[in-house]
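Welcome! Here is a short tour for anyone opening this structure for the first time. Keep the view beside you as you read.

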Amino acid sequence: MRYFARRFTFLIGTLWVAITLNFLIPRLMPGNPASVMMAKFMGRGQPINPAALHAIEVMLGISHASLMSQYWQYLGQVVRFNFGLSYTQFPYSVRYVIGQALPWTLGLVGLSTILSFIIGTGLGILAAWRRNKMTDTIVTSLSAFTNAFPYFWFALVAVYFLSFIHNWFPLTGAYAIGTSPTFSIGFILDVIHHGFLPALTIVISSMGGWLLGMRNNMINTLGEDYVLLATAKGLKNRWVAGMYVARNAILPNITGFAMALGFVVAGSLLTEVVFAYPGIGYALYNAVINEDYPLMQGIFLIIVLCVIVANFAADLLYVLVDPRVRRGRA
Amino acid sequence: MNTTTVQVSTNGSVTPTRPAWAEVWLMIIKTLWRNRKSRVGLILLAVFVFVACTGHLLAPYSVNDSSFATSAGPSARHWLGTTQAGQDVFSELLVGTASSIITSFSVGAIATILAMLIGITSGYVTGWLDDVLSFITNVFLVMPGLPLLIVLASYAPGKNLVLIIFIVGFTSWPWGARVLRSQVSTLRTRDFVIAARLAGDSSTRILVREILPNMLSLVIAGFLGSALFGLLTAVGLEFLGLGDPSQVSWGSMLYWAQNAGALMNGQWGWILAPGLCIAIFGMSLVLINFGFDEISNPRLRGDNE
């Protein structure tokens with residue numbers, strides 16, 4: 001229970017830091033967004049009409065109240081998920097735009113992250129078990145390579161060969177143009193067909209990290225005395241690897257899973273851009289190129305929220321797999 | 001394993017013999033060279049650094065020369081084709097190597113210095129300062145970096161390489177800080193550190209003379225990791241158009257290639273080449289890091305290597 005309370009405090013603390021950063025960044029940057037906007041529409045060097053400037057400030061919600069009172073007001077809005085109106089998708093609210101995009105990202109990124117964790121960890125066990133053999137060398141070198149390339153670049157190349165040249169998969173989007181989301185078998189198959197390639201590129205680009213981590217943990221654990229004892233007792237190698245070594249070696253990887261989630265989310269944001277997948281990443285990209293600041297900030301907070309909630313879930317999972325934490329000793 | 005000044009104990013940390021700086025470096029280089037993976041990494045890295053230094057001399061054309069046919073595919077005269085503005089892609093690739101590698105190493109350096117300051121302080125002191133620093137480290141570790149960077153970079157006035165380097169550097173230190181903190185907190189209670197403290201050495205002297213040499217391999221491994229992370233992040237930002245598009249680098253090449261719809265025009269060279277360079281450069285860093293893993297953890301050493 002104390003463990004739970006500690007993790008929960010951390011969750012709230014992280015969230016608070018993210019919200020505060022989100023509040024401070026635009027206000028600490030030089031320049032007034034309203035005058036920037038004026039300058040963009042009217043051309044630089046034009047005299048600025050104070051009435052027009054004020055109108056834009058009201059529209060953008062810029063107030064000249066003290067920083068502290070703005071902060072309280074901002075906190076109140078964030079707690080109610082009120083992020084204002086999107087500039088580019090006016091008159092839709094930021095909350096509406098995020099609500100439309102979020103399920104796609106959770107489905108795509110969530111599924112592919114779990115798949116990549118399972119496959120990567122599994123291959124890591126294999127590589128450690130057969131270390132310095134052929135399998136290990138190939139698998140480890142390959143993951144050193146896949147670990148080092150940008151997700152979005154691999155996605156570009158995959159689109160080119162599999163969709164453009166061979167037409168096996170659709171080029172962009174999450175479902176066929178002209179259809180609208182329904183719960184029919186045809187639509188679900190269409191979504192799977194569209195999502196397969198983005199998911200594949202995320203799995204391949206992120207698998208290497210889990211693999212290398214698991215391999216290192218396994219090799220460390222293989223040297224423990226209890227493993228030697230288990231082998232000496234005459235237990236089957238496969239049994240020792242699975243029940244003695246892997247079970248202990250996976251613990252740091254679960255912590256790693258929680259931590260590395262941020263990286264995976266970042267990588268998949270760019271993958272969404274390549275596939276024009278209607279998720280959060282693509283929405284963020286559009287917000288950035290159209291300078292839609294309220295949308296951008298809202299999306300940032302939602303991404304942070306998802307990542308730290310997933311992190312919290314991984315911490316809870318840790319309690320299930322490691323009894324030492326339950327008894328409050330770790 | 002050869003006997004060297006540093007004896008590495010079974011739990012992956014270092015036993016109390018105090019090595020001299022020069023010997024530490026020598027041992028690191030020797031171990032890296034003995035390991036097949038990190039030797040390949042060192043050679044690859046050397047090639048990239050060479051190209052970075054001489055890229056503008058090696059390039060067949062000037063990157064400012066836009067007199068060629070636009071959006072051409074690979075040919076004998078233009079190995080990787082030309083851009084939509086009529087520049088030679090292969091020349092851009094060679095010249096861009098320098099700014100990409102500078103970005104990568106500068107981010108690595110900034111992140112490593114911050115990680116050392118925060119991680120070592122937090123590991124060496126105890127009490128509230130450690131708690132506060134650890135909390136900050138963990139928060140930034142969990143925080144997804146790229147969305148934060150996107151927000152920062154969109155609000156930042158102007159777009160240039162130095163700015164990208166600084167904001168990426170200032171957000172990529174937490175991993176290193178965490179690793180260094182745990183290492184310092186185990187070294188802090190070792191006999192040789194206690195001996196130095198009893199002898200009246202100052203904290204700074206203990207940190208620099210006793211503790212730092214014993215975790216040099218961790219620091220360098222952290223540097224390589226941050227350099228890779230920094231390159232990938234900077235490339236991602238440049239791809240989104242948040243970098244300086246007029247600066248020739250691997251990331252801005254990908255940005256322009258994507259904007260020009262390079263793949264759909266059959267200009268695969270323009271997309272494939274910068275990405276491959278990023279991946280191979282990154283792989284060289286990962287391979288060198290394998291060697292460092294084996295220095296700080298002898299169990300990872302293979303029997304036949």
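Twelve residues of domain 1 meet twelve residues of domain 2 within chain A. On the domain 1 side of that contact, H1(A) supplies the largest share, with ten residues. By class, this side holds eight nonpolar, two polar and two charged residues.

**The build of chain A**

- Chain A has 13 helices and zero strands, and from the N terminus on its elements read α-α-α-α-α-α-α-α-α-α-α-α-α.
- Of the 330 residues in chain A, 37% count as buried.
- If you take the contacts in chain A between residues at least 6 apart in sequence, 70% of them join residues at least 24 apart.

**Where chain A meets chain B**

- The two chains come together through 46 residues of chain A and 46 residues of chain B.
- Several helices of chain A each give at least two residues to the side that touches chain B, among them H1 (2-28), H8 (185-222) and H10 (237-275).
- Helix H6 (134-146), helix H7 (151-165) and helix H11 (280-289) of chain A are also among these contributors.
- The largest share of this side of chain A comes from H12(A), with eight residues.
- Sorted by class, the residues on this side of chain A are 34 nonpolar, eleven polar and one charged.

**The nonpolar core**

- The largest nonpolar core has 160 residues, and Leu284(A) and Ile299(A) have the most contacts inside it.
- H10(A) gives the most to this core, with 17 residues.
- Which residues does Leu284(A) touch, leaving aside those up to four places away in sequence? Within chain A they are Leu269(A), Met296(A) and Ile299(A), and from chain B they are Pro147(B) and Ile150(B).

- Gly256(A) lies in helix H10 of chain A.
- Is Gly256(A) buried or partly exposed? Gly256(A) counts as partly exposed because it has 19 C-beta neighbours inside 10 Å, while a buried residue needs 20 or more.
- Between Gly256(A) and Ile56(A) there are 200 residues of separation in sequence and 46 Å in space, C-alpha to C-alpha.
- Met243(A) also lies in helix H10 of chain A.
- Met243(A) is partly exposed because 13 other C-beta atoms lie within 10 Å, whereas an exposed residue has 12 or fewer.
- From Met243(A) to Val159(A) the separation is 84 residues in sequence and 41 Å in space, C-alpha to C-alpha.

- For the complex, the predictor gives an ipTM of 0.78 and a pTM of 0.81.
- Chain B has a mean pLDDT of 81, and 90% of its residues reach 70 or more.
- Within chain B, confidence is highest in helix H3 (residues 89-124), at a mean of 91, and lowest in helix H1 (residues 21-34), at 79.
- Over residues 1-16 of chain B, pLDDT stays under 50, and the model has 23 contacts beyond four places in sequence for this stretch.
- Where pLDDT is low, predicted coordinates should not be read in detail.

Technical notes
Residues are numbered from 1 along each chain as its sequence is written. Chains are lettered from A and ligands numbered from 1 in the order in which they are written. This is a predicted model: local features need pLDDT of at least 70, side-chain atom pairs count only at pLDDT 80 or more; totals for chains, interfaces and linings use all residues. Two residues are in contact if their C-beta atoms, placed from the backbone, lie within 7 Å. Helices (H or I, at least four residues) and strands (E, at least two) are DSSP runs, numbered from the N terminus. Ala, Val, Leu, Ile, Met, Phe, Trp, Tyr, Cys and Pro count as nonpolar, Asp, Glu, Lys and Arg as charged, and the others, Gly among them, as polar. A nonpolar core is a set of buried Ala, Val, Leu, Ile, Met, Phe, Trp, Tyr and Cys residues joined through C-beta atoms within 7 Å. pLDDT is the predictor's confidence in each residue, from 0 to 100.
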